[in-house]
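Have the viewer open as you read.

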Amino acid sequence: MFQSGFQPAPGNGLVLPKHGNIDNSVTIVDQTAQTDHEVPLSNEALVALFKRIEDGDQSALTTLYDKTNRLLYGLVLRILGDRTSAEEALLDVYTCIWKEPASRDPVLSPMEWLTTIARARALARLHWNKQLKRKSAFQARNLDPAMTVAPKMQDLARQSLGSLVPAQQEILGWAYYSGLSCSEIAAQIGKPVGAVKTHARLGLNKLSDLFRQFLARQNQSGDETGGNQ
Amino acid sequence: MKHDRATEDIRELAALYALGSLTQHEARSFEIHIQEGCAVCEAEIRRFARTLAEMGFAAEEVTPPEYLRDLLLARIEREGRPAAPPPAPAKADKVETPREKTAPSRTAPLFAAPPKRESPRIFPWILAVALIVLAAATFFLWKTSRDTIDQLQATLSASHSDLAELQKQIDTGKVRTADLEQIWVIMNRPGTRIARLIGQAAGPSNVGAILWDTGNTECLALGTFQPVPQGKVYQLWFFSATKKVSIGLIRADSAGRFFIKFPVPKEAEGATAVVVTAEPDNGSKIPTVPYCAAGRID
């Protein structure tokens, strides 16, 4: 069985709906008051860093690395499951940014683009290395007090994932962290391909709705601590 | 065919495309559909691609090793400065139209989403596989050629052996033909007399004949005798009523066969019988008994 990584970190004050509850309500606990967290860079600051990287400023790249490496390393480590491959994938991500900073998709926020690149690089390396089995056995537990994205965004992502029904969590977990095709996922979990497709669509659709609702509320409230959106 | 609204089927296809869970064929078909200008499907893909990007925020943060930062710096030093940036986009948050997607730098994130089609550093592996296949094919050809050469060599060797055997048989045949010619010639002479050798007490299985050409005072001895005792030799004698004349020593081959022509001395005239005895190696002046073979001269 796939080891779901969607469970929130203990002690972060999140209120999760029970499994099977498809209610879209998600309670977000504001953690910005925690002073021991490193303040994440704003969108504007990240865009400015990318501009400097485009101009060949190495210090901008190292700043970007320092501010974002923990989330991306955690993500690629979650996908790849071994530290050596994760380190290589992380280097790939930042080398790609250095070589092609202008390839950034402006529709995505800088952090969204970074997680997209990191997942693609890690999955490419995963498929290349055929390390699926090793990956499944890994569980990251090296939590870091610093934050790469705003706590609200992180909480939103974790809570939203936690609000999905177990089948959706499982299938999206396989697809997101393993990059398997529908038929491969179906074979892994012993469900029909049609059911896998339906759960993937419903799960992703619900996540999208939750994220958009959150952002809409954030925009309405004019909350300045809203994170990287 | 462009869509005018997002159906559940479209959403499912877009969701699976963004996840990278379509097969290569399905993904390629969907990309072609997007490139044909279906804004509805493109918007669905972008929506799900963004959702997936946000899913990444749920990852637990883990601090990578310190040395990784130094490795990154060393790598970008080695890679050099990035290439010159393309012209800046007119509007940062604009969703691209299909026609605008021809600029690769701006379409890469969208169509790079399905990770299965990414094949990093695949060319060296293709090259390595090609070299391995080439090496295997070369080895196979070499082995096949070697086997063929070995077979040909074996065949050639066998042929040489057959040829040698055949040559030996031809030589033997030639010798026998020459012997028969001599026999024919002698038997057709008017003064030829013949004695048939019959085995005696010292050599009961001995057989042979003596063809005596009285006109040319020579005779031909032929036959097959059993092996002579160690240190002995067969000796041919012509007997008459008053004389026992030695004609010569008979030295047979390993099979006991002999075909020897002897001159016949004048004192042998009037001989009526032939006798073969076993004598000391250099022969004897007087025949010893028992006889090995004997016969009457007709």
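## A helix pair across two chains

Helix α2 (residues 58-80) of chain A packs against helix α4 (residues 67-79) of chain B at an angle of about 150 degrees, with the axes 11 Å apart. Axes here are lines fitted to C-alpha atoms over the stretch in contact, and angles run from 0 to 180 degrees between N-to-C directions. α2(A) and α4(B) are therefore roughly antiparallel (angles over 145 degrees count as such).

On the α2(A) side, the contact uses A:Gln58, A:Leu61, A:Thr62 and A:Tyr65; α4(B) brings B:Arg69, B:Leu72, B:Leu73 and B:Ile76. Contact means C-beta atoms, placed from the backbone, within 7 Å. By class, that's five nonpolar, two polar and one charged residues.

## Ground rules

This is a predicted model: local features need pLDDT of at least 70 and side-chain atom pairs 80 or more, while totals for chains, interfaces and linings use all residues. Residues are numbered from 1 along each chain as its sequence is written, with chains lettered from A and ligands numbered from 1 in written order.

## Chain A overall

Of its 229 residues, 50% are buried, meaning 20 or more other C-beta atoms lie within 10 Å of a residue's own.

## Helix α4 of chain A

In α4(A), 18 of the 20 residues are buried, so the helix is largely enclosed by the rest of the structure.

Conventions: Buried ≥ 20, exposed ≤ 12 C-beta atoms within 10 Å, placed from the backbone. Helix = DSSP H or I, 4+ residues; strand = E, 2+ residues; numbered from the N terminus. Parallel < 35°, antiparallel > 145°, perpendicular 65-115°, else oblique. Contact = placed C-beta atoms within 7 Å. Nonpolar A, V, L, I, M, F, W, Y, C, P; charged D, E, K, R; others polar.
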